[in-house]
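Good morning, colleagues. Please look at the sequence and the structure now being shown, and I shall then take you through selected features.

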Amino acid sequence: MDPMYDPAQLRTFLAVAQTLSFTQAARRLGVRQSTVSQHVRRLEDATGRQLFARDTHRVDLTVDGEAMLGFARTILQAHERAATFFTGTRLRGRLRFGASEDFVLTRLPEILESFRRDHPEVELELTVELSGTLHQRLAAGRLDLLLAKRRVGDTHGELVWQDALTWIGSPQLRIDPDRPVPLILFPPPGITRARALEVLEEHGRSWRVACTSTSLSGLIAAAHAGLGVMAHSRGLIPPGLAPVPARAGLPELGDVDFVLLHGRRRDGAQEAADALAAAILAGGDRLIRGVGTVGSISGRDGA
């Protein structure tokens, strides 16, 4: 008999694949970790393949797990479309969605295009801004949903994925450990800016601002020109830029959470916001996979 794939198990699989954590997936889904383990085990039984390589420290997708990502999204999208068709519900209204600059070069437009196709009567209004600014707009009631970074220590929001922050720059850039670190930064209230300055101050490392821009494209251009380094999510490194190797002596930046946050309930927007949030969670791995890097950055010794 052909295997039947339970939508609940597929949603759990996607949550684990995007967070690479059974614990984080359980928190996102609002279930026990044992339930997450059970869903993954049953899905692996149905496929006859191991989808995750896991030990006490790490969870990684196997080759078969990578393949299942696309199948899971397709099955869940078909399931949602069928449910919408047969219930006769059509979402309407104005949806104010905010996305941080981090997603400018990702496949977020594909997710939004699919959402618009499925819900043509929703008037989607997109705002692209710094994460800190988006949080302020949400608090002021000017957004219905946002996808952005979460400040270190914050617990609010629905986790889409967690990633490491890393220093990046041009592969040809050389970092002199005896001179101030040249920084390429978003302006306040940029979350990565605050984190970069905080860790440099904590480690007594001098720094100088080489470039400030509200645009990610502007920061990338400065980095390509070799003006300095920038703090950035490891999973979203733009093509042509590279992580700064440990031998350059820059302090570690820690992790960053990317989350979905809902605004105040507003007539005509809540159901649309829920539907878009579900679409982003289902396709969250598409936002970070396939973003590659080239080369590495040298220390002063060129090693």
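I begin with aspartate 60, which is partly exposed because its relative accessible area is 26%. The terms are these: buried is under 20% relative accessible area, exposed is over 50%, and partly exposed lies in between, with a 1.4 Å probe and protein chains only. The side chain of aspartate 60 meets that of arginine 58 in a salt bridge, at 2.8 Å from N to O. A salt bridge here is a side-chain nitrogen of Lys or Arg within 4 Å of a carboxyl oxygen of Asp or Glu. By this rule, the count comes to 10 salt bridges.

A word on provenance. This is a predicted model, in which local features need pLDDT of at least 70 and side-chain atom pairs count only at pLDDT 80 or more, while totals for chains, interfaces and linings use all residues. Residues are numbered from 1 along each chain as its sequence is written, and side-chain values use heavy atoms, with hydrogens and water left out.

Let me stay with salt bridges. Glutamate 110 and arginine 107 are joined through their side chains at 3.2 Å, N to O. Glutamate 110 is partly exposed, with a relative accessible area of 33%, and arginine 107 is partly exposed too, at 37%.

Another salt bridge links the side chains of arginine 195 and glutamate 198, at 2.5 Å from N to O. Why are these two residues separated by about one helical turn? Because they are three residues apart in helix 7, residues 191-202. Helices, as used here, are DSSP runs of H or I with at least four residues, strands are runs of E with at least two, and both are numbered from the N terminus. In general, an α-helix has 3.6 residues a turn, so residues three or four places apart point the same way. Arginine 195 is buried, with a relative accessible area of 18%, whereas glutamate 198 counts as partly exposed at 37%.

I turn to the overall chain. The protein chain has nine helices and 13 strands. Its radius of gyration is 21 Å, close to the 19 Å that the globule rule gives for 303 residues, so the chain is as compact as a globular protein of that length. That radius is taken over C-alpha atoms, and the globule rule is 2.2 Å times the number of residues to the power 0.38. Along the principal axes, the C-alpha atoms fill a box of roughly 65 × 45 × 30 Å. Buried residues make up 49% of the 303 residues. Of the contacts between residues at least 6 apart in sequence, 78% join residues at least 24 apart; contact means heavy atoms within 4.5 Å.

Next, the interior. Where does phenylalanine 97 lie? The residue is in strand 3, residues 93-100, and is buried, with a relative accessible area of 0%. Leaving aside residues up to four places away in sequence, phenylalanine 97 touches, among others, Leu126, Leu146, Leu276 and Ile280. Phenylalanine 97 and arginine 142 are 45 residues apart in sequence and 9.4 Å apart in space, C-alpha to C-alpha.

Leu276 and Ile280 are also among the buried residues of helix 9. The 13 residues of that helix, 270-282, should span 18 Å at 1.5 Å a residue, and the end C-alpha atoms are 18 Å apart, which agrees. The expected span is 1.5 Å times one less than the number of residues.

Histidine 135 lies in helix 6, residues 131-139, and is buried at 9% relative accessible area. With residues up to four places away not counted, its contacts include Leu146, His156 and Leu261.

Finally, I note two backbone features. In general, most residues other than glycine have a negative phi, and most peptide bonds are trans. A cis peptide bond joins proline 188 and proline 189, with omega about 5°. Proline 189 lies in the loop between strand 8, residues 181-185, and helix 7. Leucine 20 has a phi near 50°, a positive value in a residue other than glycine. Leucine 20 is found in the loop between helix 1 (7-19) and helix 2 (22-29), and counts as partly exposed at 36% relative accessibility.
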